[in-house]
Every structure is written in C-alpha cells, then in structure tokens.
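Biologist: I have a chain open on my screen and would like to go through it with you. Can we take it step by step?

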Amino acid sequence: MTDAPSTRTVPDEPGGAIEDPPPLDREAQLSLVKAVLAWTDTADLRESDLAQIALQLTEHARIVAADLRRRAAGLPEDSQRRVLVDVVLAEADRRLSMLARGTVACCQNRARLVRALHERLDRLADVAPQAATAP
C-alpha cells in the first residue's frame, strides 16, 4: 500500500481533485464510536442504516490512518514509536480491505479501529506531519 494520500474528485474544484479530504469533527466521530461500541447484538437498526454507519467509520478510519502515516514519516525508521505505528497501520490496511457490511459486528469492528488509530495518533501529537510526496 502506498503512503501517498488518497485523491478525491471534487466537481467544483479547478482540476477536479484534491489530495486531502476536509477535516472531520473528531469529537463527533469519537461520540459515534462510543455509541456503536455500546450496542448489543440486537441493536434495533435497519441493515441500510448499519451499512451507512460502517461506511462513515470506514472513511474516518482512512482519514486518520493517512494523518498517522504523515506523522510517522517524521520519525526515524528505527524508532520504537515508528515500529508501533507501522504495526497499527498494517492492521488498519488489512481490516479496511474487507468489505464494510450492514451488521452490528462490522460497525463495532470499524469503531474499534477508529479508536485504535486515534489512540496511536494521540501518541504522536509532538511529531509534525510530513508533507505528502508524489508517488
């Protein structure tokens, strides 16, 4: 997987693409994570609603993972913090490669991933993000 940021097409943007998505409201996302993790297996939600929540958590996980990659790039390759970030990102890539489904279990797995990515990102608060480089 490449360390380059994802590119999104934006119809109103000159050139039609931006490299970084708009910032997400961290507190709102973490509130969603907390709520999803409190659900029981019998959460009374439609499958389509669960699918939308899973997609929202997936996108948030991708954005946080990209930020984590940019921050980790500022650490020496033999740094213990860099090694731990690499492990978390490898697991995130593996989990995000799986199709998001409209189930409570999928939503909770994505919520746990978002929480883990934020926890690792918080541990790199003292590291300035590196500028993205072209592939």
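This is a predicted model: local features need pLDDT of at least 70, side-chain atom pairs count only at pLDDT 80 or more; totals for chains, interfaces and linings use all residues.

Biologist: Fine. How many helices and strands does the protein chain have?

Modeller: The protein chain has 4 helices and 2 strands. Along the sequence they follow the pattern β-β-α-α-α-α.

Biologist: And what share of the residues counts as buried?

Modeller: Of the 135 residues, 33% count as buried.

Biologist: What about contacts between residues at least 6 apart in sequence: what share joins residues at least 24 apart?

Modeller: That share is 70%.

Biologist: On to the helices. What do I need to describe two packed ones?

Modeller: Two things: the angle between their axes and the distance between the axes.

Biologist: Then at what angle do helix 2 and helix 4 pack?

Modeller: The angle is about 20 degrees, and the axes are 9 Å apart. Helix 4 covers residues 104-122. Angles under 35 degrees count as roughly parallel, so helix 2 is roughly parallel to helix 4. Their crossing is left-handed.

Biologist: Which residues make that contact?

Modeller: From helix 2 they include Leu-50, Ile-53, Ala-54, Leu-57 and Leu-68. From helix 4 they include Cys-106, Cys-107, Arg-110 and Leu-117.

Biologist: How do the residues of that contact divide into nonpolar, polar and charged?

Modeller: There are 16 nonpolar, 3 polar and 4 charged residues in the contact of helix 2 with helix 4.

Biologist: Now helix 1. How does it pack with helix 4?

Modeller: Helix 1, residues 26-38, packs with helix 4 at an angle of about 135 degrees, with the axes 9 Å apart. That angle makes helix 1 oblique to helix 4. This crossing is left-handed.

Biologist: Which residues meet there?

Modeller: Helix 1 uses Arg-26, Leu-30, Val-33, Val-36 and Leu-37. On the helix 4 side, the residues include Cys-107, Ala-111, Val-114 and His-118. The contact of helix 1 with helix 4 divides into 7 nonpolar, 2 polar and 4 charged residues.

Biologist: And helix 1 with helix 2: at what angle do the axes cross?

Modeller: They cross at roughly 130 degrees and come within 11 Å. Helix 1 and helix 2 are therefore oblique to each other. The crossing of helix 1 and helix 2 is left-handed.

Biologist: Which residues are involved?

Modeller: Gln-29, Leu-32, Val-33 and Val-36 in helix 1 meet Ile-53, Gln-56, Leu-57 and His-60 in helix 2. By type, the contact of helix 1 with helix 2 has 5 nonpolar, 3 polar and no charged residues.

Biologist: Let's talk about the largest nonpolar core. Which residues touch the most other members?

Modeller: Val-36, Leu-57, Leu-68 and Leu-117 do, in a core of 27 residues. Helix 1, helix 2, helix 3 and helix 4 are the elements that give two or more residues to this core. Helix 2 gives the largest share, 9 residues.

Biologist: I'll click on Leu-117. What does it touch?

Modeller: Leaving out residues up to four places away in sequence, Leu-117 touches Ala-61, Val-64, Ala-65, Leu-68, Val-88, Leu-89 and Ala-92.

Biologist: Next is Ala-54. Buried or exposed?

Modeller: Ala-54 is in helix 2 and has 0% relative accessibility, so it counts as buried. Apart from neighbours within four places in sequence, Ala-54 is in contact with Ala-100, Arg-101, Cys-106, Cys-107 and Arg-110.

Biologist: Last one, Gly-74. Where is it?

Modeller: Gly-74 sits in the loop between helix 2 (47-72) and helix 3 (80-96). At 37% relative accessibility, Gly-74 counts as partly exposed.

Biologist: Which residues does Gly-74 touch, not counting those up to four places away in sequence?

Modeller: Val-127 and Gln-130. The C-alpha atoms of Gly-74 and Pro-129 are separated by 6.6 Å, and these two residues are 55 residues apart along the chain.

Key. Residues are numbered from 1 along each chain as its sequence is written. Side-chain values use heavy atoms; hydrogens and water are left out. Buried means under 20% relative accessible area, exposed over 50%, partly exposed in between (1.4 Å probe, protein chains only). Contact means heavy atoms within 4.5 Å. Axes are lines fitted to C-alpha atoms, for helices over the stretch in contact, and angles run from 0 to 180 degrees between N-to-C directions. Angles under 35 degrees count as roughly parallel, over 145 as roughly antiparallel, 65 to 115 as roughly perpendicular and the rest as oblique. A crossing is left-handed if the near helix is turned anticlockwise from the far one by less than a right angle, and right-handed if clockwise. Ala, Val, Leu, Ile, Met, Phe, Trp, Tyr, Cys and Pro count as nonpolar, Asp, Glu, Lys and Arg as charged, and the others, Gly among them, as polar. A nonpolar core is a set of buried Ala, Val, Leu, Ile, Met, Phe, Trp, Tyr and Cys residues joined through side-chain atoms within 4.5 Å.
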